[in-house]
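Visitor: I would like to learn how to read this structure. Please take me through some of its features.

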Amino acid sequence: MTMKKKKSIFLVVVLAVLLAACLTVDALLPGYHIAVTVIKKATVYALVAVSMNLLNGFTGLFSLGQAGFMLLGAYAYGVLTIPVAKRASVYQYFDGGSIQFSLPESCAGILGDAVGPTVGMLAALLVGGVLAALMAYLIGLPVLRLKSDYLAIATLGFAEILRAFFQWNALGPITNGSNLLKSYPTFTHATPYVLLSGGMIAIIVLLINSTYGRAFKAIRDDEVAAEAMGINLARHKRLAFVISSFFAGIGGGMMAMYMGTIAAAPFKSAMTYEILLIVVIGGIGSITGSILASFLYIFSSEWLLRGLDSGTFLGISAPSLFKNGFRMAAFSVIIMAIVLFFRKGIMGDRELPDLLDRRGRKHKKEAAEK
Amino acid sequence: MGEGLPYIINGISVGGQYALIAIGYTLVYGILRLINFAHGDVFMVAGLVMVYATSALPLYLALPLVLIATVLLGFVIERVAYKPLRSAPRMSLMISAIGVSYLIQNLAFYITGGIPQPVTRPIPWISDNVMVFGQSTKRVTLLTPVLTILLVLALVYLINHTKIGMAMRAAAKDFETAQLMGIRINAVISMTFVIGSFLAAVGSILYFTNYPSVAITSGGMPGLKAFVAAVFGGIGSIPGAVVGAFIIGLCEELIKGAGYTTFSDAFTFALLIVVLCVKPTGLFGEKVTDKV
């Protein structure tokens, strides 16, 4: 069996096991169980982290606008899926809002009640992604000419501007101003999240392995050399930016599903920083790393280390030490240690199938020594 | 004019506070080419220390304590988080800065319990109300621009006429060559962080005298705006940062005065993007375009 074949089988097996595990969790545990919550949140973060990695890790464009694109996706999803009957109560300060249709309901009318609502929800996600991509295209026109830290600060600025617009009262009939959007349909089980996010990530992986992906990596490694090899810098940078934002938009829509309510306030730069740090923990330039780090991060912060905030941890009861906020403080110390001493993160730039390689290399080394 | 006046006075005052923060950004960027994302949080910590110190200690002990604690924080951040990465790519340095910012905010959340700390004992005299052109305002609002200008003059003297200032200019011009010329680069970098943090502490004392409370996120926005001011004025240039900060402070307050409070933050970033696209070197920047 060739190495390549072995790797593909390994990958398929791991993915199948994970999917089976998720299906089991869904079958055995109720929707409000912490395990289901963790899987939902982690898959959303994984998708957004991978989309950020595509830009920061594979194309070398240091962008900090992710939260803004997620905001667009989240609002698009919320605005398009709130049932018509509930609009009056959600938009109570804006006379029921100006949009009087709901994609899941319209689709249910066309396709029937069995698949219609789901198709409508997916369509709303897609609209969010497309909107984010369009916005990215417009923002990219001036911003992508900038480099490294200037690009970072300009994208950060755009995200803040977007947030201001969504809180603006004049847009209230659509965005509900600074009030919450709620009562929209969500998936109760974890499996739809895993499938959705997994599908999106698979598309990103295919993209990275295509000629476009190679061009992105070439730009990251050396812009001048890439240009000399005939890669159109402006076009590829724009492409990476737009694609990354598209998936961030979809991730934002899924975030809205997970959270149950949407407001512009949580989508600030702190959220981008959080996602960036997840990417760094996983390894800049590794899709597997980003996914792994998302699950680790969400699992430990939502579940494993809960005790650090509520008084008891590992059986040690110290309410004065383990009070609210200790968990995140401990977490950020770990993150700083990774940033300073393990700059490659968990995976470096390796992917899941490459784990087989290491063993293979060791064997080869031993053979060579003999 | 009568209606706009309080906004103009406020704007100049806010501009002065931004200027004091912006200098910290511009000095560090000039030498390390690093956007010190943690600088805004250093500013916030100074505010927190002030709240705690003034409620426990007499004023003549509390204020020096705020300055010393902030300077120490800036110094330690540089030594722990930036010095080990001196030869690393710039992106690692920036990630480290974001990590430090995250760490400080989370530590502050743990210590304060996430509750905004009220400024219970504002500093007397400067928080008294005075009348200017028929408008009532706090004395600190008038004092800020004056103090800012005095501090900036002192700083400009330090940079142009002392040995450490000369070393700082040399390091900003060419890092490697400065090292070869026998400049102890680590001492110079530490010094820039000390100066930057000191000015941020002064800015923080002035800023939070005007506000009812210090929250853990209070540092983020002023920090980013001060950075925009530094870019606007031409990063690396001290007069640029000061002028930029005053312009941004003024515009922001005038926009608030016109009733578009939601957009006062957005305006700053829009300005940043326009400046970066039209004149990347800023108002007073050096003619080096390789950075943008």
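Guide: Ser183(A) sits in the loop that runs between helix 8 (172-175) and helix 9 (191-208) of chain A. Helices (H or I, at least four residues) and strands (E, at least two) are DSSP runs, numbered from the N terminus. This is a predicted model, in which local features need pLDDT of at least 70, side-chain atom pairs count only at pLDDT 80 or more, and totals for chains, interfaces and linings use all residues. Residues are numbered from 1 along each chain as its sequence is written, and chains are lettered from A and ligands numbered from 1 in the order in which they are written.

Visitor: What is the phi of Ser183(A)?

Guide: Ser183(A) is not a glycine, yet its phi is positive, at about 65 degrees.

Visitor: How many other C-beta atoms lie within 10 Å of Ser183(A)?

Guide: A residue is buried if 20 or more other C-beta atoms lie within 10 Å of its own, exposed if 12 or fewer, and partly exposed in between, with C-beta atoms placed from the backbone. Ser183(A) has 16, so it is partly exposed.

Visitor: Which loop of chain B holds Arg33(B)?

Guide: Arg33(B) is in the loop between helix 1 (5-32) and helix 2 (39-56) of chain B. Arg33(B) is not a glycine either, and has a positive phi of about 55 degrees. Arg33(B) counts as partly exposed because it has 17 C-beta neighbours inside 10 Å.

Visitor: How much of chain B is buried?

Guide: Of the 292 residues in chain B, 51% are buried. Chain B has eleven helices and four strands.
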